[in-house]
Amino acid sequence: MSLNESHHAELIAGIPALLGHHPRDRVVVLALYSPAVRVLSSDLGALTTTPDMADEIITHLGNDPADHVFIVVVTDRHDDDTLPEVALVERIDTAIRNRLGTHPVALWTPKVTTGASWARYPDPRPCGVLPAPDSTVVAAQMVARGMSVLPDLDAVRALVAPDPDEAVDRRAAILDRISTDNDRGRWHSTTPGCAALPVDEARIALVHHHVAATPARQRPLTDEEVAELAFALADHSVRDACMAYALGVQAADAERLWCELLRACPMPEAAEAAVLLAVFAYLRGEGVLAYEALERVRFCHRLVELLRVYIRDGHSPARLWGAIDMLTTTEEHQPTGT
């Protein structure tokens with residue numbers, strides 16, 4: 001299939017939906033395969049100061065030849081007579097040709113917004129203007145899958161940023177108390193319907209209670225609730241069982257709970273919420289959110305690192321599930337430094 005200039009404009013306009021946020025000062029590489037697309041997004045400043053990063057980043061595209069590859073530079077830092085970072089674009093172009101045997105098309109726009117101009121390297125003359133990003137086919141598809149588009153990458157990171165230290169420390173103290181009580185055989189959940197259950201059953205039941213209560217809950221989780229949920233998910237059999245929510249009608253409610261817990265939990269318990277959030281978000285196509293969730297808890301245990309690499313490299317959800325199943329059934333999650 002050949003792509004004309006109207007396709008190029010629509011492809012650029014669809015980038016926010018593919019990333020989950022509006023890029024700014026980024027280099028976005030889009031590799032199109034029938035019917036999939038692989039997306040890499042890198043900081044323009046970092047690539048400019050460390051050009052060798054361009055070669056490393058392209059390795060994340062894999063080795064399979066793509067139908068089409070696009071390099072899209074999004075920045076308003078440029079001169080009228082030349083497009084920005086021509087040497088960097090040429091280096092990325094060469095790396096893609098050498099790795100995939102595909103001749104990429106390099107494009108530029110100052111920002112991905114309605115009516116913004118765009119051009120094709122190396123000619124600085126505008127080729128046209130972009131359509132409304134929310135009018136593209138890919139945007140409609142992502143909205144149908146429950147995705148939202150945030151203003152920028154900082155907004156994505158804010159979704160997974162930790163709560164204030166004082167609040168996290170309070171919850172850590174409660175979690176220590178729960179763990180001590182459990183070691184002494186006297187912990188009982190304060191969650192309705194769970195107090196009389198054995199510990200293993202209570203852990204599963206309290207998570208299910210909070211997932212079911214999420215749609216109607218209009219307040220943040222209390223410190224006690226956060227600590228109990230952190231205690232429950234610290235049992236990896238409970239955390240792994242929670243992945244089944246991703247395939248059911250409560251997937252969105254569960255994902256909202258994992259996101260809140262990632263912000264609210266102390267370390268290292270926050271890693272379990274991060275794993276769940278990453279899996280759920282990735283299955284919906286929100287690879288950036290999934291990756292940023294895992295970046296927050298790097299090096300906590302092997303599953304975090306495995307998921308981070310698989311998501312960074314754009315593997316399919318089927319391969320991701322296979323890797324999770326392999327690791328969760330064949331080895332204990334030890335700290336990666338051991």
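**Helix H8 and Asp-181**

Select Asp-181 in this predicted model; the residue belongs to helix H8, which covers residues 165-183. Is Asp-181 buried or exposed? Its relative accessibility is 17%, and because buried means under 20%, Asp-181 counts as buried. Show next the residues that Asp-181 touches: with those up to four places away in sequence set aside, they are Arg-186 and Trp-187.

**The whole protein**

Zoom out and colour by secondary structure. The protein has 16 helices and six strands. Its radius of gyration is 22 Å, close to the 20 Å given by the globule rule for 338 residues, so the protein is as compact as a globular protein of that length.

Of the 338 residues, 48% are buried. Among the contacts with a separation of 6 or more, 67% are between residues 24 or more positions apart. Switch to a surface display: the accessible surface amounts to about 15,900 Å², and carbon and sulfur atoms hold 53% of it. Colouring by charge will bring out 30 positive and 48 negative side chains, with the centres of the two sets 1 Å apart.

In soluble globular proteins, nonpolar side chains tend to be buried together. Select Val-72, Val-207, Trp-258, Leu-261 and Leu-262: within the largest nonpolar core, which has 82 residues, these touch the most other members. Which helix gives the most to this core? The answer is helix H13, residues 270-283, with 12 residues.

Keep Leu-262 selected and display its surroundings. Beyond residues up to four places away in sequence, Leu-262 touches Val-160, Ala-270, Ala-273, Ala-274, Leu-277, Ala-293, Arg-296 and Val-297. Another core, of 26 residues, lies apart from the largest one; Val-73, Leu-88, Val-89 and Ala-106 are among its members.

**Helix H15 and Ile-311**

Move to helix H15, residues 302-312. Eight of its 11 residues are buried, so the helix is largely enclosed by the rest of the structure. The buried residues of H15 are Leu-303, Val-304, Glu-305, Leu-306, Leu-307, Arg-308, Tyr-310 and Ile-311.

Pick Ile-311 from this helix. Ile-311 is buried, and its relative accessible area is 8%. What does Ile-311 contact, leaving aside its neighbours within four places in sequence? The partners are Ala-278, Tyr-282, Gly-287, Ala-290, Tyr-291, Leu-294 and Leu-320. For one of these, draw a distance between C-alpha atoms: Ile-311 and Ala-278 are 33 residues apart along the chain, and their C-alpha atoms are separated by 8.7 Å.

Go now to Asp-93, in helix H5, residues 86-100. Asp-93 has a relative accessibility of 16% and counts as buried. Apart from residues up to four places away in sequence, Asp-93 touches Ile-71 and Pro-104.

Select Glu-85, in the loop between strand S3 (68-74) and H5. Although Glu-85 is not a glycine, its phi is positive, at about 50 degrees. Glu-85 is partly exposed, with 31% relative accessible area.

Asp-25 sits in the loop between helix H2 (15-19) and strand S1 (26-32). With 22% relative accessibility, Asp-25 counts as partly exposed.

Continue to Ala-46 in helix H3, residues 44-49. Ala-46 counts as partly exposed, at 23% relative accessibility.

**Two cis peptide bonds**

Where in the structure is Pro-122 found? Pro-122 lies in the loop between strand S5 (117-120) and strand S6 (128-129). The peptide bond that joins Tyr-121 to Pro-122 is cis, and its omega is near 0 degrees.

End the tour at Pro-268, in the loop between helix H12 (251-264) and H13. The peptide bond from Met-267 to Pro-268 is cis as well, with omega near 5 degrees.

Conventions:
Residues numbered from 1 in each chain as written. Predicted model: local features only at pLDDT ≥ 70, side-chain atom pairs only at ≥ 80, totals over all residues. Heavy atoms only, no water. Helix = DSSP H or I, 4+ residues; strand = E, 2+ residues; numbered from the N terminus. Rg over C-alpha atoms; globule rule 2.2 N^0.38 Å. Buried < 20%, exposed > 50% of the residue type's maximum accessible area, 1.4 Å probe, protein only. Contact = heavy atoms within 4.5 Å. Areas by Shrake-Rupley, 256 points an atom, 1.4 Å probe, with all protein chains shown as cover. Lys, Arg positive; Asp, Glu negative; His and termini not counted. Charge placed at Lys NZ, Arg CZ, Asp CG, Glu CD. Core = buried A, V, L, I, M, F, W, Y, C linked by side-chain atoms within 4.5 Å.
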